[in-house]
Amino acid sequence: MAAARLKASKALKAEDWEGCEEALGEALALDTHNPGLYLSRAYVRLKQDRTTRSLQDSGKAISLEPRSPRGYHRYARTLCQERRFSEAAASFVQVRGRALP
């Protein structure tokens, strides 16, 4: 998994969104319970305007770590990109009162 994460990191720095998404997919194939990997892939997918996929990854991160505000924040940012502002506001409200792990 370390090799896939390193590959993803290099691709992210180069703004190679396709390469980064692929590497994160490889890492997730090895560790399906890592919310950070899902959030990273959600970010990359958002950068590619793949909002449906970004929402799926953000939702998975929330289901794995419901007390963390990071998944709700990424979910809300994606909803904003889709111009679904009332839903985004509800997700941002979920962020309030949640402590970072």
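This is a predicted model: local features need pLDDT of at least 70, side-chain atom pairs count only at pLDDT 80 or more; totals for chains, interfaces and linings use all residues.
Visitor: What makes the reach of α1 close to the expected one?
Guide: Helix α1, residues 2-13, has 12 residues, and its first and last C-alpha are 17 Å apart, against the 16 Å expected at 1.5 Å a residue. The expected span is 1.5 Å times one less than the number of residues.

Visitor: How do you know that the buried residues of α1 lie on the same side?
Guide: The buried residues of α1 are A4, A8 and A11. They cover an arc of only 65° around the axis, and therefore sit on the same side of α1, the arc being that of the directions from the helix axis to the C-beta atoms. The face turned away from this buried side carries the exposed residues A2, A3, K10 and K13, while α2 (17-30) is among what covers the buried ones.

Visitor: Why is D57 called buried?
Guide: D57 has a relative accessibility of 3%, and so counts as buried, since buried means under 20% relative accessible area, exposed over 50% and partly exposed in between (1.4 Å probe, protein chains only). D57 lies in helix α4, residues 51-64. Its contacts (heavy atoms within 4.5 Å), leaving aside neighbours within four places in sequence, are with Y38, R41, A42 and R45.

Visitor: Why is S9 called partly exposed?
Guide: S9, in helix α1, has 31% relative accessibility and therefore counts as partly exposed. Between S9 and S40 there are 9.9 Å in space, C-alpha to C-alpha, although they are 31 residues apart in sequence.

Visitor: Which element gives the most to the lining of the largest pocket?
Guide: With 6 residues, α3 gives the most to that lining. The largest pocket has about 170 Å³ of space, and of its 13 lining residues the closest to its centre are L12, C20, L24, G36 and S40. A pocket is an open set of points on a 1 Å grid where a 1.4 Å probe fits, with protein on both sides within 12 Å along at least five of seven lines, and lining residues have an atom within 4 Å of a point.

How values were computed:
Residues are numbered from 1 along each chain as its sequence is written. Side-chain values use heavy atoms; hydrogens and water are left out. Helices (H or I, at least four residues) and strands (E, at least two) are DSSP runs, numbered from the N terminus. Grid points are joined across faces, edges and corners, and a volume is the space filled by probe spheres set on the points.
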